[in-house]
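We'll start with confidence, then look at one strand and its partners.

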Amino acid sequence: MRAALWLLTLAILALQACSPPSKPSTGAPAETLASLQPAPEGTLQVAFLDVGQGDSALITFPNGRTMLIDGGEVEQGRALVRKLERLGVRQIDWLVATHPHSDHIGGLIEVLRTLPVVEVWDIGMPYESPVYRDFLRAVQRARTPDGKRPKFRIVRRGLTLEPSPGVRIRVLAPSEPLLQGTRSDPNNNSLVLRLDAPEASFLFVGDIEREGRKRLYAARENLQADILKVSHHGAANGTDRAFLKRVRPKVAVISVGAGNRYGHPHRETLALLRNLRVYRTDLHGDIVMRLGADRKLYIATTRTSRMSPTATTTRAPAPTFAVIGNRRSKVYHAPDCPGLPKPENQVRFRSAQEAEAAGYRPHTCVEGE
Ligand SMILES: [Zn+2]
Ligand SMILES: [Zn+2]
C-alpha cells in the first residue's frame, strides 16, 4: 500500500520553465520507495540504478519503450536484471554502452543474455579487454523480441531519436575523430546524450573528463539540462565550474559505490555541487525520477540517507594501501592491478601520497574507470 501512495506523498520539485527557481534543500531525500515499481503508462521515468561502483540508468518512455544506459560491473548483472524485472521491463529497445569500461558494460552482458534487445548503441572504439569481448559476443548472441539479431549501431554526435511523441534524444558525443592520447580515451570518448521532454531535460555524460568536455564546448551543443548524471562517479576530473555553468542543472545524480577504493565522489566535486539537489546511489540506493501528467518531477529513492550528499567529510580517505610504481613511466599501480610493470621497473611506495610526492601519476586501476 505504501508503494502505491508514494507518488502522492513525494517531495515535489516543480520544473516548469516559468516557475521561479525554488531554493532546493540540498539533497534532502524524497520519499523512500519500498521497492522499484513499473512506470505508469504515459509517464516518463528515469531510474538511476544502484549497481555499486559503476553506472546504470533505465529510461522508460511514455509509450512504454525503454532505453538502458550502462549496466555496472559483470558481477552486478543478475541483480540488475532483477531490478529491471521489478521495473516491469520486458524488453530493451535501446541498450546503450557509453564506453567500454567494465563498470559500465559488464552488467549489460547478463541483460543481453536474458532480455530481448532491439538495438545496441556503442562508440565502436577499439578496446582490448575480456569484458568488452564478452559484451560484443553477447550482442552477437542476443535476440530481438521476434528472434532476430539486434541492430548494432556505432553512434556519433548528431544522431537524434524521437522514442516517444514529444520526447527527444540527441547524441552530443563522441564525434570523429575519436580523441586519442588523453588520460583516459575511453572516458573522454564517452557517449553523451541529452533527453528532452516538455517538462524537463536530462544530460547523461558517461565518464567524460576535461578533453571530452572541451570537445562538447567546441561543438556548440546545447548543454543546459535540469538533471545531470555527474561524470565519472564524481571524480574531480569529471566536473568543473565551467561545465556546471553551461549545464546549469537543478538536480545532480552521482552513480558511485559505497566505500569505493578511489575515494569517489571527490571532495572538489561535492563542493561544486553544494547548492544543487544531489542524489547518490551509494547513499540513496536506486533513484527514481518520474515526470507526471501534472508536469512536475517526482523523485523517490529506495534508501533514506541521513548523511548530507554533499558533506565533504563523507569522502573516503585516499587509498592507503602500498602501491607499485613504474620507474620508467612514472605511473603507480595498485598491488592487484592487472597491468603491473615488469619486476625490474617496479618501485614500491607505502602509499599513493608517497608515490605522488615522488612525482608519480596514478594508473587507471587506482583512479577508477
Ligand atoms: Zn570509465
Ligand atoms: Zn566508470
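Helix H1 (residues 2-9) has the lowest mean pLDDT among the chain's elements, at 38, while strand E6 (residues 92-96) has the highest, at 99. Here pLDDT is the predictor's confidence in each residue, from 0 to 100, and helices (H or I, at least four residues) and strands (E, at least two) are DSSP runs numbered from the N terminus. Residues 1-29 have pLDDT below 50, and beyond near neighbours in sequence this stretch has 52 contacts in the model; a contact means C-beta atoms, placed from the backbone, within 7 Å.

**Ground rules**
- This is a predicted model: local features need pLDDT of at least 70, side-chain atom pairs count only at pLDDT 80 or more, and totals for chains, interfaces and linings use all residues.
- Residues are numbered from 1 along each chain as its sequence is written, with chains lettered from A and ligands numbered from 1 in the order written.

**Whole chain**
- The mean pLDDT is 89, and 89% of residues reach 70 or more.
- The chain has 12 helices and 21 strands.
- Of its 369 residues, 49% count as buried (20 or more other C-beta atoms within 10 Å of the residue's own, all placed from the backbone).

**Strand E17 and its partners**
- E17 (residues 296-301) is mostly covered, with 5 of its 6 residues buried.
- E16 (residues 287-291) pairs with E17 in the antiparallel sense over 5 bridges; pairing takes at least two DSSP bridges.
- Arginine 290 sits opposite tyrosine 298 in E17.
- E16 and E17 make a hairpin with 4 residues between them, and arginine 295 in the turn has a positive phi of about 65 degrees.
- E2 (residues 31-32) pairs with E17 in the parallel sense over 2 bridges, and threonine 32 stands opposite threonine 301 in E17.

Key
Two residues are in contact if their C-beta atoms, placed from the backbone, lie within 7 Å. A residue is buried if 20 or more other C-beta atoms lie within 10 Å of its own, exposed if 12 or fewer, and partly exposed in between; C-beta atoms are placed from the backbone.
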